[in-house]
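Open the model in your viewer and keep the selection tool at hand. The tour moves stop by stop, each time with something to select.

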Amino acid sequence: MEPKEIDWNKLAAVIAKHEKEKWALIPLLQEIQETFGYIPPESIEPIAQALQMFPSQVQGVISFYAGFSLKPKGKYVLKICRGTACHVKGSRNILRLMQNELGLEKGETSADYKFTLETVACLGACFVAPAMMVNRTYYGKLAPAKVTSLLAQYGKDKEEE
């Protein structure tokens, strides 16, 4: 699996929808990231031109918000909660297990772009601590066996479908 190829015509069409609308920077960045899985660094200049902004302003917004990424992410983005409740209930051990199983450190993406491993300050799912998300799906009350099962469910050690 490879990261999505950038379709420059599609990118230009998304940007054109918001031309000269400075207020639309965040929705525009969200749409680009949703479309491509990340914000291609090469898109910063055209975004800035279209919104009549400086590239540094666009870059500043991208780097400020943790939800935006300038690097391609895996098909499955695994977010391990590091909030207080999850920490007390063993999220550090869950993170270590994930690192060992996937051979990734936090913030890294597998070479085949299948998995990205991240930590977040809080998922807001304290009642099911320790918790994690895979893309937009929450999983709670994690234990080593459950984590291993989840990784198998998402295709760890399987050939890409």
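A residue is called buried under 20% relative accessible area, exposed over 50%, and partly exposed in between (1.4 Å probe, protein chains only). This is a predicted model: local features need pLDDT of at least 70, side-chain atom pairs count only at pLDDT 80 or more, and totals for chains, interfaces and linings use all residues. Residues are numbered from 1 along each chain as its sequence is written, and side-chain values use heavy atoms, with hydrogens and water left out.

**Stop 1: the sheet**

Select β1, β2, β3 and β4. Helices (H or I, at least four residues) and strands (E, at least two) are DSSP runs, numbered from the N terminus. The four strands form an open sheet in the order β2-β1-β3-β4, with mixed pairing. β2 and β4 are the edge strands, each pairing on one side only. Two strands pair if DSSP finds at least two bridges between them. On average, neighbouring strands here are turned by 20 degrees against each other, direction ignored.

Pick out two of the partners: Cys81 bridges to Val120 in β2, and Lys79 to Glu118 in β2.

How many of the six residues of β2 are buried? Five are, so β2 is largely enclosed by the rest of the structure.

**Stop 2: the salt bridges**

The structure holds three salt bridges. Each needs a side-chain nitrogen of Lys or Arg within 4 Å of a carboxyl oxygen of Asp or Glu.

Start with Lys73 and Glu118, whose closest N and O atoms are 2.5 Å apart. Lys73 lies in the loop between α4 and β1 and Glu118 in strand β2, so the pair ties together parts that are 45 residues apart in sequence. Glu118 is buried at 16% relative accessible area. Lys73 is partly exposed at 22%.

Go to Arg136 and Glu34 next. Their closest N and O atoms are 3.0 Å apart. Arg136 sits in the loop between β3 and β4 (137–139), Glu34 in helix α2, 102 residues apart. Both ends are exposed: Arg136 has a relative accessible area of 65%, and Glu34 has 55%.

Finish with Lys17 and Glu31, at 2.6 Å, N to O. Lys17 is in the loop between α1 (8–16) and α2 (25–36), while Glu31 is in helix α2, 14 residues apart. Lys17 is exposed at 52%; Glu31 is partly exposed at 24%.

**Stop 3: Ala131**

Select Ala131, in the loop between β2 (115–120) and β3 (132–134). Is Ala131 buried or exposed? Ala131 is buried, with a relative accessible area of 2%. Contact means heavy atoms within 4.5 Å. Neighbours within four places in sequence aside, the contacts of Ala131 include Lys79, Cys81, Leu123 and Tyr139.

**Stop 4: a nonpolar patch**

Select Ile26, Phe64 and Tyr65. They make a nonpolar surface patch of about 310 Å². Phe64 is in helix α4 (residues 55–64) and is exposed at 63% relative accessible area. Patch residues have over 30% relative accessible area and no salt bridge; like charges are joined within 9 Å, nonpolar side chains (Val, Leu, Ile, Met, Phe, Trp, Tyr) within 5 Å. Areas come from the Shrake-Rupley method with a 1.4 Å probe; for residues, only the protein chains shown count as cover.

How values were computed. Axes fitted to C-alpha atoms, helices over the stretch in contact; angles between N-to-C directions.
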